[in-house]
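My entries are set down in the order in which I made them.

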Amino acid sequence: MNCIIIDDEKLARTILKTLCDDVDSLQVVGEFPNAMQAIKYLNENEVDLIFLDIHMPDFTGFDFVKTLKNPPSIVLTTSDSQFAIEAFQYECIVDYLLKPIAAERFKTAVTKAKKHQLISAKTEEQNAEKTYENDFYINIDRRLIKIDIPSIYLVEAKGDYIHIKTEDKNYTVHSTLKKIEEKLPESLFLKIHRSYIINLKKIIDIEDNSVLIKKDVIPVSRSKRPELMKRLDLL
Amino acid sequence: MEQPNLTYVDQLARGDEKIRQTLIDVIKTEFPEEEKEYYTVLAKKDYKKIEESVHKIKHKISILGLEKSYELANTYEHNLREHRMEGETDFEEILNTISAYLKTI
């Protein structure tokens with residue numbers, strides 16, 4: 001893990017550097033006497049972990065944390081235990097070290113930071129997988145058929161069934177519009193009527209209260225029209 | 001009064017003389033600067049700055065193993081937050097003790 005140290009006291013930075021040097025998996029890539037210099041560095045560089053002093057003149061450790069858009073793991077270092085409660089408000093703060101920092105306690109904090117990194121990486125991976133879910137399966141006559149989501153241009157509800165219209169083929173499935181709506185990405189699809197969901201990328205034209213999509217003319221509910229207009233990329 | 005020691009520094013250095021000396025050098029360089037800063041802001045009666053200065057020195061007091069002195073400094077720091085100077089004499093005595101000790105190492 002790459003880490004930086006932010007503390008206005010040189011002795012505190014030297015001690016932290018000494019403690020970091022004793023952990024093989026830690027590389028100190030920067031030491032800063034104030035938050036502003038660290039922000040400047042972080043604008044151009046990524047780090048995995050920050051050892052951050054809370055009590056600094058002008059710009060406190062908490063002020064610094066608030067400036068970070070995607071904060072890495074942060075271990076707070078301080079002489080006062082009074083800030084511990086506030087520290088719990090920040091998800092990125094993984095531990096709180098009281099000065100003078102004992103070597104064993106320091107290693108515990110590094111272990112916590114590593115765990116935090118692993119959990120964050122796993123969450124990111126899961127989110128990425130979610131983003132790339134590009135298809136789902138429908139059951140027709142005991143056959144599971146894969147439907148490519150971007151190829152769907154229209155979903156129509158009819159009684160207990162829904163018609164799924166894709167670029168290649170149309171399917172009739174025993175399901176509800178609500179169920180399929182949950183499978184479709186909001187960024188691409190919009191329910192424009194209680195019986196219709198359309199793929200916004202497949203619209204050919206819009207006239208008054210209807211949408212032409214492929215060869216189908218679909219009604220647009222009055223209540224859905226503002227949302228539809230908002231979602232279109234108008235010149 | 002309790003006397004400063006290098007127990008923490010030695011624990012950190014774990015027998016590495018270079019690390020030990022680096023830490024001692026930083027203390028010997030930084031402490032007089034912080035002490036000077038303390039008296040400067042004290043003369044200006046700037047409570048906020050005095051508090052910040054005491055806070056910074058407090059760390060060195062703990063590094064040098066002065067547990068009771070650390071508590072006194074802590075109380076002084078809290079008093080300063082309420083614009084009260086109780087603890088000033090004790091704190092300055094601690095500064096003198098550390099200054100004298102640093103000349104011996």
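**Conventions.** I note that this is a predicted model, in which local features need pLDDT of at least 70 and side-chain atom pairs count only at pLDDT 80 or more, while totals for chains, interfaces and linings use all residues. Residues are numbered from 1 along each chain as its sequence is written, and chains are lettered from A and ligands numbered from 1 in the order in which they are written.

**Chain B, overall.** I found five helices and zero strands in chain B, where helices (H or I, at least four residues) and strands (E, at least two) are DSSP runs numbered from the N terminus. Of the 105 residues in chain B, 30% are buried. I took a residue as buried if 20 or more other C-beta atoms, placed from the backbone, lie within 10 Å of its own, as exposed if 12 or fewer do, and as partly exposed in between.

**Chain B, helix 5.** I checked the length of helix 5 (residues 88-102): its 15 residues should span 21 Å at 1.5 Å a residue, and its end C-alpha atoms are 21 Å apart, which agrees. The expected span is 1.5 Å times one less than the number of residues. Buried in helix 5 of chain B are B:F91, B:I94, B:L95 and B:I98. Seen down the axis, the buried residues of helix 5 of chain B fall within an arc of 100°, so they line one face of the helix; the arc is that of the directions from the helix axis to the C-beta atoms. On the other side, B:T89, B:N96 and B:A100 are exposed. The cover over the buried residues of helix 5 of chain B includes helix 2 (17-43), helix 3 (47-63) and helix 4 (67-81) of chain B, with contact meaning C-beta atoms, placed from the backbone, within 7 Å.

**Chain A, helix 2.** I list A:A35, A:A38 and A:L42 as the buried residues of helix 2 (residues 35-44) of chain A. They cover an arc of only 60° around the axis, which puts them on the same side of helix 2 of chain A. The face turned away from that buried side carries the exposed residues A:K40, A:N43 and A:E44. I traced the packing of the buried residues of helix 2 of chain A to strand 1 (2-6), strand 2 (27-32) and helix 3 (61-67) of chain A.

Note on methods: Two residues are in contact if their C-beta atoms, placed from the backbone, lie within 7 Å.
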